[in-house]
Amino acid sequence: MKTVKLSSERLGVSNKQPSGKIKMSARDVKVFYGESEALHGIDMDIYENEVIAFIGPSGCGKSTFLRCLNRMNDTIDVAKVTGQVLLDEQDIYDPSLDVVQLRARVGMVFQKPNPFPKSIYENIAYGPRLHGLVETRREMDEVVESSLRRAGLWEEVKDRLDAPGTGLSGGQQQRLCIARAIAVSPEVILMDEPCSALDPIATSIIEELIDELKGSYTLVIVTHNMQQAARVSDKTAFFHLGNLIELNKTDEIFTNPQDKKTEDYITGRFG
Amino acid sequence: MSNLMLAGVLLMLLALAYQLGLTRSRKLTTDLSGQKVRLHSRPVYHGALVAFWTVVPAFGVFLLWRFIQPGVINQMIIAQLPEAIMAGMTDSDMRVFLRRITHLSSGFGLSDQPQPHELQAAELLSVLQVRGHALMLALMASLAAAGLYFSWQQIHPDLRARNQMERVVKVALIACSSVAILTTIGIVLSMFGEAMRFFAFVNPMDFFFGTTWNPRFQTAGTEGQTGFGMLPLLWGTVMIALIALLVAIPVGLMAAIYMSEYAPSRVRSVAKPIIEVLAGIPTIVYGFFALITVGPFLSSFGATFGLDIRATSALTAGVVMGIMIIPFISSLSDDIITQVPRSLRDGSLGLGATQSETIRKVVLPAALPGIVGAILLAASRAIGETMIVVLAAGNSPVLTANPFEAVSTMTVTIVNQLTGDLDFASPQSLVAFALGLTLFVITLLLNVIALVIVRKYREQYE
Amino acid sequence: MKISTVNPQDKTALAQQRDLMQQRVAQSLAKRHAKEKRFKLTGQLAVGTALAFVAILFISIFSKGLPAFWQATLTLDIYFDPDIILIDEKPVQAAGESDATFQERYQAWQMDLAFINFNGLILNALAEVIPEAAAHPRDAMRLVTSGERIALRNLVEEDPSIIGSRKRLNLLADANVDVWIKGNIDRDLADSRQQLSARTRGWVDQLVEQGVIKNRFSTALFMNADSRSSLASAGLAGAFMGSLMMMLIVMFLAVPLGVASAIYLEEFAPKNKLTDLIEVNINNLAAVPSIVFGLLGASVFILWFKLPLSAPVVGGLVLSLMTLPTVIIATRSTLKAIPPSIRSAALGIGASKVQSVFHHVLPLAIPGILTGSILGIAQALGETAPLLLIGMSSFVASVPSSPFDQSTALPVQIYLWQGNELRNFFEARTSAAIIVLLTMMISLNALAIWLRRHFENRW
């Protein structure tokens, strides 16, 4: 099936933003799992400090594309990525770029909360310690506190930093994972359906958190929940069968979709 | 009738009874007026039930008879022995006498001339044996006939033959699964019983805490030189097991990590089975390998550094045992590492950790309990291992901290004390059971702890 | 600069902080990548070490053992000299003669035969190739292993018409001759420390040159039982028979019992504390040291049931008990892997529980059960320690004909041979025995792997 491919020029026109600086951009990104092609050439620009949501039916490639943005697909043996992904105009698939450094700049939060089986404190301290970001215990304490504060978890856990992270509730675990990502001061945070394993109250807390992080971080959120995309994102990209069908301001896409498939999906005719 | 013929007859009876049951139940499917009747159970079940009742009780009698007859006959023969001869007989004389008359009656003959009372007894023995056999056959035949007749009579469209047969099958299955339990009970009881007999000779305190091992027969002038102190043996066992773990843990664990986290699937599919070959090699082969290859190598290797390493020493046995348990540690750890959820790895890699950082800081700590369990299992294997130490440890039961010296272990001593003449009345033989019991308890504890840890670990990630 | 105290809304401070972070990450990189490489290398090294151990083990055994399959053998023309073999006609059972009297006559004839000097035949044959042998019979007879005169006697007993004829025969050389020509003893050792006299050694070299002594494939290794008087003809036949009997017992005892218990525990047993205990018990039984089973055998089978020492029947029973947990565990895991849908399908069309298990589940489990059983049997085949405790380490010079006869087993034979005083002959022969044992075990394992691959069910 051939779908309308959006050229970057067209995207540029339709997404004109006054103060926007392009943070990441993808050029003809294709992903192969063994023989089969899972993504058919994606072009996209992501602007600094905005929140962009990826929506689409399951299996449409939105998570696969997300994982291209910090090279998490490298960890899957059979996956192969072609095309270009630029971070501040630098190709992240270029051999000269270190994947460790890339992931320190582009953090990731996963679908299922995955705190390490360590204490809350150690969960947060993990990244800074790996990268050698702090020198003293005091500094580390400050990083842990400020990360937990930014993730809105500090008040809940400040008395039990030594308790295991796996003992927290699902929503708290997910915020812990966000705090863990924040602790290394990334520029971009990728979130892969961060609320799909959570109850509605925990979800709303995470959504508030995303709202607060907006402005300091570039956020890319994959969600299967259209309301969530409508609530939290500045822009929304609709994926279908490995193609990017439409990318536009969120209110535009939900009120006035350009493409028939987008409209069908948004109005619940499939997906 | 020989056993073989008897078996043949029983088998034929089985087939016959089955056929009879089958035919009768088939006939019942149409009643006198030619109407179809529904049987509760299919004819095969009726046949099987008849066959069961015909053959199994008779066979039971056979087994029971076999077990009881020799004792009863011996008693009858002894009962009719003349007083004068009985009076002079000790227990062992009696055993010799019984063996002699068995030989006489079976026609083997004796190397010397039999006594008149022996001839008489032998004759009685043959008579009794023939009579007993005949009695048994008669009993078996009547039981079989009765079983056949009554169960055949019973056949009826409403007879729940299938349910009855299934109950029989279930009972048989339960009987089979009780064998494993009986084995454990047998191990515990037999070792406990013999060990108690040993402790009648030797004070348990002296055994468990004594530091001299010298289980010689006490003859005049050597009092005080015998010692049944187990500590030198326990220490030898522990030292060799520790050396083995020192070899096996680094190699096994790192191999497991490499195989599960790094190795391309092609390398993995070749190397993993090859390493597991090590687990299948008989321990006697390891022992021989230690004796002719590793021992001399270590000895000359030590010599180049001015170290005096004996060819058969704790080190030799330990190193070879370490090689043997590498696959235990590597396969178990491999399983356990693979069970650590992918999401944890992703979480760490997503933060920019390198693969080795992820393994060392996230995967291994998460897998630690399971790995500890694997190591405990390997340790228990090392402690109970026999042939390697028999051949390569040098068999010198002394308390020494020097791994280059010859030592002895509990397993070696069990073998030494129980080979050759088996005299179950002396502490020199019985001590083997006390050692065996100790060994059993130690390995049991290690296994139980290991299994509990591993089970808990599995549940955590299921 | 402290990194955590910036206000997230302060864009410049945030950017500065990120730059600092990036610097620090970059600084750490070289060290971390080196560490990564070292770690991976350690892993490769560990795998390499383990593989090297396998290689060294096999190379050491095979390089020592393979030459032992070819044994120094003399090819001589034996003249069955009627002047030496002075014996009556072989008795034939006359019509009407009772078995007993014929047996007696035959035994008397055999006794006469046993007194004949068959060594004389060998000596004469040797004298044909080494003329001075006749003058030094003691040195000459050290060339041929002592068991060969029995072989000649058996030839005559089988067919007395051979007397008076010449026959070209292969006779096994003495063990020391084999050691000498294979270079397993230092040729420069002083005379007093050599096993063969200088004269015999000279003859050996001469005969090798003449082609009379050659290394020929050793059938003795496979056809003979163990021997102490004629070391060169010691073979594995007795041990092989013993092992075979024990494996048959294991096969017919441990496998059905184990499969039946597994079926009960997996399919029928209620899940409660008791079955939990049984499960723990079986897992533990699988990890009990093998020597403990030997102790069990010694006290229960030998002491209580008065079964004979050194008999394969006792060995088979002990090994069966040892193999039982292996079979149970393998069968249970096979049964567990069969999807419940199969059982539900059978129950759904009105089969009883027993029918569903025996007609539907069990047939699917057979490949897995076979694989597990074969692996269990292979493991039992290599087990030594428990057999030592039930007297199987005694020397047995005959091939057992029933499971109640005295016997050894292959691994025990290895144990016995490695302790033989003639080290430089038996080191190789033991290695050869190990090769035989390993070949059998590897074949069993290969069979199991083949079965698993061939019948593997994927649900």
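These notebook entries record what I looked up in the structure.

**Entry 1. Conventions**

I worked with a predicted model, in which local features need pLDDT of at least 70, side-chain atom pairs count only at pLDDT 80 or more, and totals for chains, interfaces and linings use all residues. Residues are numbered from 1 along each chain as its sequence is written, chains are lettered from A and ligands numbered from 1 in the order in which they are written, and side-chain values use heavy atoms, with hydrogens and water left out.

**Entry 2. Chain B with chain C**

I looked up the contact (heavy atoms within 4.5 Å) between these two chains. Chain B brings 81 residues to it and chain C brings 79 residues. I then took the buried area, which is the accessible area (1.4 Å probe) that two parts lose on being put together, summed over both. For chain B and chain C this area is about 6,600 Å², and carbon and sulfur atoms give 78% of it.

I next searched for salt bridges, each being a side-chain nitrogen of Lys or Arg within 4 Å of a carboxyl oxygen of Asp or Glu. The rule finds one across the interface of chain B and chain C. Arg32(C) and Glu357(B) form a salt bridge through their side chains, at 2.7 Å from N to O. On the side of chain B that touches chain C, helix H6 (residues 161–201) of chain B gives the most, with 19 residues; helices are DSSP runs (H or I) of at least four residues and strands (E) of at least two, numbered from the N terminus. I sorted that side of chain B by class and noted 52 nonpolar, 19 polar and 10 charged residues. Here Ala, Val, Leu, Ile, Met, Phe, Trp, Tyr, Cys and Pro count as nonpolar, Asp, Glu, Lys and Arg as charged, and the others, Gly among them, as polar.

**Entry 3. Chain C with chain A**

In this contact I found 21 residues from chain C and 26 residues from chain A. The buried area between them is about 2,000 Å², with 49% from carbon and sulfur atoms. One salt bridge is found across this interface. Its partners are Arg24(C) and Glu139(A), at 4.0 Å from N to O. By class, the side of chain C that touches chain A has nine nonpolar, seven polar and five charged residues.

**Entry 4. Salt bridges within chains**

My search of the whole structure gave 41 salt bridges over all chains. In one of them, Glu187(A) pairs with Lys23(A), with the closest N and O atoms 2.9 Å apart. Glu187(A) is in the loop between helix H7 (170–182) and strand S7 (188–192) of chain A, whereas Lys23(A) is in strand S1 (residues 22–33) of chain A, 164 residues apart. Both Glu187(A) and Lys23(A) are buried; buried means under 20% relative accessible area, exposed over 50%, and partly exposed in between (1.4 Å probe, protein chains only). Lys23(A) and Glu187(A) also belong to a salt-bridge network with Lys21(A), Glu48(A), Asp88(A) and Arg105(A).

Arg343(C) lies in helix H13 (residues 340–348) and Glu267(C) in helix H9 (residues 237–268) of chain C, so the pair ties together parts 76 residues apart in sequence. Arg343(C) and Glu267(C) are both buried.

**Entry 5. Domains of chain B**

Chain B is divided into domain 1 (3–159) and domain 2 (227–460), with bounds from an automatic or database domain assignment. I recorded 51 Å between the C-alpha centres of domain 1 and domain 2 of chain B.
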